[in-house]
Amino acid sequence: MKQINIALLGCGTVGTGVARLLLEKQDMIRARVGAQINLARVADIDITTDRGIRFEPGVLTTDAQAVIEDPQIDIIVEMIGGETIAKDLILAAIDNGKHIVTANKALLASHGNAIFAAAAEKGVDLAFEASVGGCMPIIKTIRESLVSNDITSMIGILNGTCNYILTKITDDGSAFETALGEAQASGFAEADPTLDIEGIDTAHKIAILSALAYGMQINLKDVYTEGISQITPLDIEFAGQFGYRIKLLAISKHKGESVEARVHPTMIPFDNMLSNVNANLNAVTICADAVEDILLYGRGAGMMPTASAVLGDLADIARNLLTGATGRVPLLSYQMNNIRPVPVLPISEIVTHYYLRFSALDRPGVLSKISGILGKNQISIKSAYQKGRKTNGSVPLVMLTHSAREADVIQALKEIESLDVVSKQPVLIRIEDENNE
Ligand code: HSE
């Protein structure tokens with residue numbers, strides 16, 4: 001039986017999961033793939049920690065460079081993460097004709113165009129299912145299953161850490177820091193949790209998905225990105241009163257000649273399926289013309305779910321090697337000569353619904369001043385709610401709008417903030433509600 005030799009670069013949590021699956025499931029994998037996928041080398045700076053796996057003598061090494069130069073190795077599995085060493089090693093491995101599997105969303109979102117071009121030029125496969133949504137087969141779905149579909153939108157929860165934190169605050173009244181600490185202890189937060197909390201990890205993922213779905217170059221810099229650090233329990237409570245839950249959503253829409261790609265806390269109705277995706281789970285809805293709607297749901301992080309996605313990629317590449325079909329699926333879903341730059345709409349140009357919260361003095365005429373400014377800026381109010389009664393202090397005044405252009409909302413908020421009856425900066429949270437107009 002043919003042997004396909006693979007090497008792991010980085011043997012942390014997911015790398016260890018990959019090694020475990022390869023060893024524990026080798027009979028089943030061999031039966032399904034028709035080849036023995038052999039874990040030939042594992043390079044890591046730490047080769048002494050017991051990972052609970054009995055590696056064959058000579059497998060572990062600290063010399064990653066030697067591994068990517070080893071002519072016996074067919075596939076390199078990059079599990080180092082980050083944008084520096086991992087990038088150099090992947091490019092060098094491609095140059096050596098190795099096929100690549102990676103889960104490195106930060107690297108692909110920031111440098112993917114160059115990396116994919118290098119892989120295509122060299123004629124090697126580069127698979128990255130584990131980079132977005134952990135075990136959910138989102139990349140395979142877009143690249144292969146939906147080949148005959150115009151994808152019109154993808155809306156998802158793509159960061160388990162933020163989803164966990166928001167769920168804990170909403171359902172258990174946990175403090176933000178406590179929930180973040182639990183996410184870190186559970187191992188699904190990034191090494192630098194700012195990447196999670198500030199929405200950057202989610203932006204990496206939606207930049208990759210948008211490129212695959214719409215045949216465009218990866219464009220991270222134009223993805224509007226706002227995290228959850230400013231979300232307060234008060235806004236979560238108000239959201240509930242209006243029938244919404246707050247989720248950190250990645251929203252990508254293909255509209256005419258441009259694309260919307262944005263990440264921000266979003267209010268979604270209780271009857272939206274994404275509102276019931278809780279804890280550290282991920283989910284994405286894909287809307288496309290032939291299929292209408294698809295929902296993928298599952299674990300977006302963690303040792304074995306992510307390792308499972310890596311093994312799926314390894315099997316694909318191994319099957320390509322067995323049949324001489326390398327390059328069968330275009331790396332970025334479209335053939336390289338059909339990938340074009342597509343403009344991403346600036347956030348100021350999006351049209352959606354808004355939740356606005358003001359801290360306003362409880363005096364006659366305040367509501368009309370605020371609503372007057374909103375009206376002057378073409379913003380129609382759907383409902384208004386004031387909490388409490390204070391004769392000499394500020395009270396929260398909440399308004400939900402009908403569809404409005406963001407630039408108009410920002411202009412109105414600037415004018416409202418300068419009113420002497422309004423203290424503090426107004427709060428703006430976007431709403432995704434198909435039942436609203
Ligand atoms: N930090 C990420 C998350 C891990 O919380 O979802 C998976 O990319």
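This briefing walks through a few features of the structure above, topic by topic. The model is predicted, so local features are described where pLDDT is at least 70 and side-chain atom pairs where it is 80 or more, while totals for chains, interfaces and linings use all residues. Residues are numbered from 1 along each chain as its sequence is written, and side-chain values use heavy atoms, with hydrogens and water left out. Helices (H or I, at least four residues) and strands (E, at least two) are DSSP runs numbered from the N terminus.

**The open sheet**

- Let's begin with a general idea: strands of a sheet pair through backbone hydrogen bonds, either parallel or antiparallel.
- Here, two strands count as paired if DSSP finds at least two bridges between them.
- Six strands form an open sheet with parallel pairing, in the order 3-2-1-4-5-6.
- Strand 3 (60-61) and strand 6 (126-127) each have a single partner strand, so one side of each is left without a neighbour in the sheet.
- Four bridges link strand 4 (residues 75-78) with strand 5 (residues 99-102) in the parallel sense.
- To find this pair on the model, look for Ile 75, which stands opposite His 99 in strand 5.

**Strand 13 and its partners**

- Strand 13 (residues 351-361) is mostly covered, with 10 of its 11 residues buried; buried means under 20% relative accessible area, exposed over 50%, and partly exposed in between (1.4 Å probe, protein chains only).
- Strand 15 (residues 394-401) pairs with strand 13 in the antiparallel sense over seven bridges, and Tyr 355 stands opposite Leu 400 in strand 15.
- Strand 17 (residues 422-431) also runs antiparallel to strand 13, joined to it by seven bridges.
- Strand 16 (residues 404-405) pairs with strand 13 over two bridges in the antiparallel sense, and Val 351 stands opposite Arg 405 in strand 16.
- Strand 17 has a parallel link too: two bridges join it to strand 10 (residues 258-269), where Thr 266 has Arg 430 as its bridge partner.

**Around the ligand**

- Which residues are around the ligand? They are Lys 105, Asn 159, Gly 160, Thr 161, Phe 188, Ala 189, Glu 190, Asp 196, Asp 201, Lys 205, Gly 300 and Ala 301, where a residue is included if one of its heavy atoms lies within 4 Å.
- This shell divides into three nonpolar, four polar and five charged residues; Ala, Val, Leu, Ile, Met, Phe, Trp, Tyr, Cys and Pro count as nonpolar, Asp, Glu, Lys and Arg as charged, and the others, Gly among them, as polar.
- A polar backbone atom of Gly 160 is 2.7 Å from an oxygen atom of the ligand, and a polar side-chain atom of Thr 161 lies 2.7 Å from an oxygen atom of the ligand.
- On the nitrogen side of things, a polar side-chain atom of Asp 196 lies 2.7 Å from a nitrogen atom of the ligand.
- The protein covers 92% of the 250 Å² of accessible area that the ligand has on its own (Shrake-Rupley method, 1.4 Å probe).
- Helix 7 (160-172) and helix 10 (200-214) are the elements that give two or more residues to the shell.

**Helix 8 and its two faces**

- The buried residues of helix 8 (residues 176-186) are Phe 176, Ala 179, Leu 180 and Ala 183.
- Seen down the helix axis, the buried residues of helix 8 fall within an arc of 100 degrees, so they line one face of the helix; the arc is that of the directions from the axis to the C-beta atoms.
- Why can such a face form? An α-helix has 3.6 residues a turn, so residues three or four places apart point the same way.
- The face of helix 8 turned away from its buried side carries exposed Glu 177 and Ala 185.

**Single residues to look up**

- Val 409 is in helix 14 (residues 406-417) and counts as buried at 0% relative accessibility.
- The C-alpha atoms of Val 409 and Tyr 354 are separated by 8.5 Å, although the two residues are 55 apart along the chain.
- Ser 333 is not a glycine, yet its phi is positive, at about 80 degrees.
- Ser 333 lies in the loop between helix 12 (303-323) and strand 13, and at 15% relative accessibility it counts as buried.
- Lys 424, found in strand 17, also has a positive phi, near 70 degrees.
- Is Lys 424 buried or exposed? With a relative accessible area of 64%, Lys 424 is exposed.

Notes. A polar contact is a pair of N or O atoms within 3.5 Å; within protein, one must be able to donate a hydrogen and the other to accept it, and residues adjacent in sequence count only if both atoms are side-chain atoms.
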